[in-house]
Amino acid sequence: MPGGSALLVGVLLAVIGLVALGWRAWGERTDLMGRETDRSELLARVLEDHATRSFEATTAALAGLAGVAETSGTDALRRAMSQALVALPYVRAVALLDANGRVVASSHPADEGRQVSLSLIVPERGEPIGGWLPGRQLEDFAELTAGGRVAATVDTTGVGFIPCVHRVHQGAFAGAYLVALVNPSSLVGFQRLAVSESGVRTVLASWQGQVLIAQAGSGQTLPAALRPRSDIRTHAIFSRYLPDIEHATFVGEGVDGQTQITAFRASRPYPLVAFVERPQRLLDAQWHDAIRPLWMGGLPSLALIVALTWLAWRSQRARAAVGGALSRVQASMARREHELRVLVSSLHEAILRTDAHGVVRYVSPRWEALTGVVQADVMDHPLAEVFVGPDRAAVRELFTPAGAGTVRSVHVRIGLGTGKRRFALALAPLDAAGGEAGFVGSLQDVTEAWQAQQHLEMQRSLNARLLEVSPVPLSILDADGRYLSVNKAWEALTGRRREDVLGQQAKRYLPPEQSSIHDAHDARLLEHGGEVSYPTTLTLADGRRREVRVSKVLVPGADHGRPAVLNAIVDVTEFHEAERATREARDIAEDASRAKSEFIANISHELRTPLQSITGFSELGLMRPPTPEFAHALFTDILAAGQRMLALVNDLLDVAKIESTVGTFHLERIDLRAPTREVVRELAPQCAQRGVSVELHLSDIPLVAKVDPLRFQQVLRNVLANAVKFSPRGAVVAVSGEIERPADPEEALSRADIHFTVRDQGPGIPPAELDKVFDAFVQSSATKDGSGGTGLGLAICRKIMDAHGGSIAAENAPDGGAVFHLRLPLRHLEETAPVPL
C-alpha cells in the first residue's frame, strides 16, 4: 500500500505514547487509592479506640459505684455519683434503677422517683451498652417513652443519650441497675475534631446495625439513613463481614446508595463498630486533578506525532497516485474497448452504421445470422436495397431529415434467405457540426414477439366472446368501482343497457346500504387478493329487488396497472322462496307431531285414572270370599284386560315423554353387571311361570359406562321379557355382556363398546321386519297371535339407546330364535343430557 511504512511507524509511535500515558495515569490512581485507604483505616481505628476507651471508663466507674451501692446507703451513692461525673465529662448523669424501673437515686435529683421502661434501657443480651434513646435526662426519657416504647414521632435529630448499664448484685440494692447517660454529642465532637474533610462521614453503630452517632464532614448534611436509631443492617459491613471479620476496607455501596471507600473496625470488648465512608467521586476528582498536567503535556506530543504521520502518508500516496493514474487510464481504455467488442458480439440484435444518405458502412457479425445476407453484399450499399416491396420505401423514409437526435423505427420483413421473418429496425442520427454525420442503428428479430401478440389478441377476443355469451350475469369493475364491461346476461337481469353504465360507478345504480356492502368486499379483495362470495340484495332498473349471491375475483388490469374486479351474479330468489316453503312445511309437520305427542300424553293421563279404578275393584272382587266360580272368572278377565290396557297407556306415556323436549336422562358412572343381575332376578317368577330358564354370562372385567340406571334396566327388562314371552316351555334364554373392541389394533386403543346379547328360542323375526319392529305400534307378524304387546316396547328401547349414544339391533340365530344386540360406547358423557327429538 502506498505510504504504508510511514503510516505504520506513526501509528506505532502514537500507540506507545498513549500506552505510556495510560500506565502513568493508572499508577497515579493506584497510589492515591492506597493513601486514601490508609487514611480511612487510621480514622476508623482512632474512632473505635476513642469509643472503646470512653465506654471502658464509664463501665469502670459504674463498677465502682456498684460497690458503693452494695455497702452504703442512698446518700453516699449520690455523692459518689457526683464525684464520678467530674471524671466523666461525656456522661450527663448516673442513676440507680430498681428492678421495676423506678429511679431510686440519681446525680440529677429531678430524675428520682420517675418510672422508666427497663426494656428500653437495659439491653436484651446483658450487654453493657444500649441503643440511642431520646431525652436529656431520665425525666425527659420517661415522658417521651410513655407506654414502654419509643414513640414513632420522636425527633431523632434532637437531644438523646446512650445508656451504659451495670447491675448491682449484692446489698440492699441487689437486682437494681446503675445507668450512665452517655452524651452522644461529646462523641460526635471528637469525631468532628478527628475528621474535618468535606464529604467524609463517620459512624458509630451497634453490632445489630443500629446507628448510635454519626457525623458528616464540614459543609455536608447528614443523610436521614444515618440518624440515631436508624437501621443499617443491609450495609455490607453487617451483611458480609461481621461478626467473622472485625476490620476491613472495601469499595462498594454506602449508606446513601452511592459508591464509597469504607473502612470499619469493631470493638473487641463492646458490641460497637466504627466506620468511615469516603465517596469514590472525591477520589476520582483528586485523580483527575493529579493527571491533568500529565495529559496536558502528553496529548500535544501525540497530536504532533499523528500530524507528522499523516503528512508523510499523504505525500507518499500522492506520489503513488501520480505514478499509477496513467496506468489505470490506459488499462481502462483497453478494457472498455474489449468490453464494447464483446458487447456488440453478444447482442441478439445486429448493430449497423450508415452515412447520412443511408449507405451501410458497418454491420456486426450478428447481421448475417439474423438476415441471411452476407456482410459483403450489404457493405457500401444503400440499406433500403436489402428490403423489398413496401418495406423498402419505409426504410428510405427513415433517412429523411427530422428533429435532431430523433430515433426512427419501423417493422420490416426481409425476403433474402430467411422467409417471412419480421424485424424491428431502429435508427438514431449521429450529429455533427454541419448536420447529420450518419446513423447508427439495430436490427432485432421480433417474429416470435409478433406471433405472441397475435395469439394474445386472439385470446382476448375469445375471452370477450365467452364473457358475452355466458348465461351468468358478469361485470368487470376497475379499482375505483367503474364499469369496464358487462355481458348480455347482466343486461337481462338488471334491465340496464351497457352503453348507459360503462364508465359509470356502480354505486350510482345501487341504494347506499347495498353499495356499502359491495365496497367493503371490493376493498378487502383488492387488499388481500383471493376471491370472495356473499349473499346480498340487488335492486333492478324497474325498482324490483332480487336475492342474489355475488362472487368476486381479481383480474389483471389494463397495461399491468391496478387490478380489476370480476363480478358473477347468481339469482337465488326462487331458491330462497322454495327453501322458505320447505321450512314452513317442516314447521307445520313438527307442530303436528308435537300436537300428536301432547294428545297421546293427555289422553293417556285421562285413561289411567279409570283403569286404575277398574283394576283395583277387580282385585278386590277376587280377594272377596266366597266368590262364585262365574264371578271369579269374570273378575279375572276384567283384571287381565285392565292390566293390558294400563300397560298400553304406560307405554304411550313413555313414548310421549321421550319424544317431548322435557325428557331428561340422569347419567352416572356405574358397572352394568349389577343392574343386569337385578333385572334377571326380577323376571325370575315370570320365567318360572312359563317354564323358561335364563343363563347369564357376564365379563369378569367391570362393564363401566355412563348411563341412566333405570332407563338401562327398562331396555334390558323389555328385551328379556319379550325373549321369555316368545320362548316355548323348557327353552333357555341366554344373556351375555362383554367388552367389544375393533379388530384394528390402533383403533382398539381409542374405542371400545359394551356389548349385551339376549338370545331366545322363539319363532324369530321375519328378515324384512328386523328393523321395522323398532318402530312405534309395529309388531312382528310372527307374534300377532295374541301373545304380542302394544308394539311400543322396542320403539322405546331404541329411543333410550339412541339417547345414550348406543344402539339396539336384532337378527335371527342360524339355529332358530332371535338375538338382540345392545351396544353402549365407553366414553365420557355429561351428567344430564336432553333426549334428542
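**From a loop to a covered strand**

Mentor: Start with Arg229, which sits in the loop between strand S7 (211-216) and helix H6. The model is predicted, so read every value as computed. Arg229 has a positive phi, near 75 degrees, and is not a glycine. Most residues other than glycine have a negative phi, and most peptide bonds are trans. Arg229 counts as partly exposed because its relative accessibility is 31%, between the cut-offs of 20% and 50%.

The peptide bond between Leu242 and Pro243 is cis, with omega about -5 degrees. A positive phi in a residue other than glycine turns up again at Asp380, at about 65 degrees. Asp380 belongs to the loop between helix H9 (375-378) and helix H10 (390-398).

Next come S9 and S10, a hairpin with five residues between the strands. Strand S9 (residues 259-266) runs antiparallel to S10, and seven bridges join them. Arg265 has Ala274 of S10 as its bridge partner. S10 also pairs with strand S6 (residues 201-206), again antiparallel, through six bridges. Here Leu204 has Ala274 as its partner.

How much of S10 (residues 272-279) is buried? Eight of its eight residues are. In a regular strand the side chains alternate between the two faces of the sheet. In S10 both faces are covered. One side carries Leu272, Ala274, Val276 and Arg278. The other carries Val273, Phe275, Glu277 and Pro279. Arg278 and Glu277 are buried along with the rest.

Compare the open sheet of five strands, ordered S2-S1-S5-S4-S3 with antiparallel pairing. Strand S2 (103-106) and strand S3 (133-134) are its edges; each has a single partner strand, so one side of each has no neighbour in the sheet. Inside the order, strand S4 (residues 160-167) and strand S5 (residues 177-182) pair over six bridges. Pro163 has Leu181 of S5 as its bridge partner. Helix H5 (residues 184-194) lies across S4, S5 and strand S1 (91-97), at about 110 degrees to S4.

Nonpolar side chains tend to be buried together in soluble globular proteins. The largest nonpolar core here has 43 residues, and Phe55, Leu65, Leu96 and Ile162 have the most contacts inside it. Helix H1 (residues 4-71) contributes the most, nine residues. Beyond its neighbours up to four places away in sequence, Leu65 touches Leu77, Ala80, Met81, Ala84, Val94 and Leu178. Apart from this core lies another, of 42 residues, including Leu667 and Val735.

Finish with a helix pair. Helix H19 (residues 709-726) and helix H21 (residues 793-803) have axes that come within 9 Å and cross at roughly 145 degrees. The crossing is left-handed. H19 brings Arg711, Gln714, Val715, Asn718, Val719 and Asn722 to the contact, while H21 brings Gly793, Leu794, Ile796, Cys797, Ile800 and Met801. By type, the contact residues are seven nonpolar, four polar and one charged.

Technical notes. Residues numbered from 1 in each chain as written. Predicted model: local features only at pLDDT ≥ 70, side-chain atom pairs only at ≥ 80, totals over all residues. Heavy atoms only, no water. Core = buried A, V, L, I, M, F, W, Y, C linked by side-chain atoms within 4.5 Å. Buried < 20%, exposed > 50% of the residue type's maximum accessible area, 1.4 Å probe, protein only. Helix = DSSP H or I, 4+ residues; strand = E, 2+ residues; numbered from the N terminus. Contact = heavy atoms within 4.5 Å. Pairing = 2+ DSSP bridges. Axes fitted to C-alpha atoms, helices over the stretch in contact; angles between N-to-C directions. Left-handed = near helix turned anticlockwise from the far one by under 90°. Nonpolar A, V, L, I, M, F, W, Y, C, P; charged D, E, K, R; others polar.
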